Every structure is written in structure tokens, then in C-alpha cells.
Amino acid sequence: MITLTLKEQPNVPLEAEALSPDRTVGLANDAIRALPIFLGKRQRRLDDFFDVEGADSDHLEIHGDLHKVKWIGHAMTRGRITLRGHAGMHLGSQMKGGAIEVTGNATDWIGAEMTGGLIRVAGNAGGQVGAAYRGSLAGMKGGAILIGGTAGLEVGMRMKRGIIAVGGLARDFAGLQMKGGTIFLCSGAEIRTGAWMFRGTIVSLKPLSLLATFAHASTSTPTFLRIYAKHLQTLGVSIPIDLKDGVYQRYSGDSSVPGKGEIFIWQPRSPA
């Protein structure tokens, strides 16, 4: 394992694509310390900002408040990053494999356009989790993103495949222009959920204020949600599926596109 400890907060955001298992595996300690990172437009060495222990490993453990450090785990394909602190923008963006775990919060664009792997953030997330970058037609296409706390705007914008689960409240436009994949909102969301949704599934365990362009379609607990429930349980996420506890109200839309997406809202049974 390679252990990195932030020496001090950078005065401007630090771009650190070098903080990836793909970049450190096979390298001796001195080569890791010499990896390039960018402070604004200036190229610096990794060890200008981090104490580095260990060598030749695809497991990185990073310590410190890295909310100003961008691109950690960018495009990684293997290994593991454990970040004991906070993370900056673009965490795990365009990720293809491996796992990232953050014990604190993370800012915008977590897992943007990722195609595989697992990202787990224990705290809160910024906006555009698993989303498409501006001008891009597709967001995340695979993998899973698990947020323990709240999430910002546009969770899963234009996502095509994969799973996003948010433990806390999500802000406006969750599932914006969604094209596939599944979003689980364990504490619900603010307004405009599923706006301009083409396909895909949003599951909310709390009531939602839906757009008028979503129509009630059925009341059930479909088989695919039972399958998802078993998979999510292995990831530490629980969703209700027992008919004695309640049912899901299914809504279809967004008819303004027109779209074939679906939103399931859990409705617990009233006590006898």
C-alpha cells in the first residue's frame, strides 16, 4: 500500500491525476514522489504537497482535507483508493474499474461519465454526481456510486447505465435527461425530479413532488426491484420490498420529451 498525506492546503485548486493506482503501480518511491501535478498552470512534483510512503502498489491511502484537490482517481481501471478526509472535484471521473472510498465529503462531478468500478462517499456530495460533462450526450455508463449523505443538483444527468444511491436528500433535477440506469433516492429529492427523462428508473423511498408530465401507471413491487434489493444489500444499501410493509407507485414520463422513463415511489402501508 502507498500512503500519502497532504502537507498543507494549496492556495488554488491542485490538479492531481497522478493520484491513481494506474499511475503508481510498478513505480519505486522516488518515482512516485516525482509524479507531475499542477498548481494552476504550474507543473509541480507530487512530493511538493504530499508525504509519500510505500511503493509499487495499486492501493492508495490518502490522508487530509483534499477538497481543493481535483481529478483523484480520474480514468482509473484497477486497484483501490481510500481517502481519509474530503475530496475535490471530478473524483473518479471517467473511471473504468477499481474502487474509491471517501470517509468525508466530496464536491462536484463525482464519477462523471464513469463506465465501471465503485465509488463510495460516506458524507455529502456536490452536484452532477455521475453526470455528463457540459456538451456531452451521455453521463455514466456503468459502475456504482453510493453517497451516504446529501447530494447536489443534477444527480445522474444524462446517465445511460449503472447505479446511483443517495442516502440523504438530493437537490433539484435528479435524473435530468436520464437515458438509462437506476437512481435510488433514499430520502427523496427536491423539485423537477426526472425532468426531460427519456428512459431509466428512479426509485424514491420518500414522497416526491412530481412534474405534471409524469402520469400514474401502476401499483406494484416489480421483480427487478427485488433483484436490485439483493444486490444493494451487498453494498450496504437497503430498500423495502416486502408487500406487507407497502408498495411502490409507478409513474411514467417525461411526456414532454416524450420519454419512457419510470419513477417508483414507496408507499408504506398504514398501521392497522
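User: Which strands are included in what covers the buried residues of helix 3?

Analyst: The model is a predicted one. In it, helix 3 spans residues 223-234, and Leu225, Ala229 and Leu232 are buried there. The cover over these buried residues includes strand 12 (161-166), strand 13 (179-185), strand 14 (199-204), strand 16 (246-253) and strand 17 (261-268).

User: Within what arc do the buried residues of helix 3 fall, seen down its axis?

Analyst: The buried residues in question are Leu225, Ala229 and Leu232. They line one face of helix 3, because their directions, viewed down the helix axis, fall within an arc of 75°.

User: Which exposed residues does the face of helix 3 turned away from its buried side carry?

Analyst: Exposed here requires a relative accessible area over 50%. On the face of helix 3 turned away from the buried side, the residues that qualify are Thr223, Ile227, Lys230 and Thr234.

User: Is glycine 126 buried or exposed?

Analyst: Glycine 126 sits in the loop between strand 10 (118-121) and strand 11 (141-147). Leaving aside neighbours within four places in sequence, it has contacts with Ala106, Thr107, Asp108, Ala151 and Gly152. The cut-off for burial is under 20% relative accessible area. Glycine 126 has 13% relative accessibility, and therefore counts as buried.

User: How does alanine 31 count at 28% relative accessibility?

Analyst: Alanine 31 belongs to helix 2 (residues 29-33). Buried means under 20% and exposed over 50%, with partly exposed in between. Since alanine 31 has 28% relative accessibility, it counts as partly exposed.

User: What percentage of the residues in the protein chain is buried?

Analyst: The chain's secondary structure comprises three helices and 17 strands. Of the 272 residues, the buried share is 51%.

User: How far apart do the centres of the positive and negative side chains lie?

Analyst: The protein chain has 30 positive and 23 negative side chains. The distance between the centres of the two sets is 8 Å.

Methods: Residues numbered from 1 in each chain as written. Predicted model: local features only at pLDDT ≥ 70, side-chain atom pairs only at ≥ 80, totals over all residues. Heavy atoms only, no water. Helix = DSSP H or I, 4+ residues; strand = E, 2+ residues; numbered from the N terminus. Buried < 20%, exposed > 50% of the residue type's maximum accessible area, 1.4 Å probe, protein only. Lys, Arg positive; Asp, Glu negative; His and termini not counted. Charge placed at Lys NZ, Arg CZ, Asp CG, Glu CD. Arc of directions from axis to C-beta. Contact = heavy atoms within 4.5 Å.
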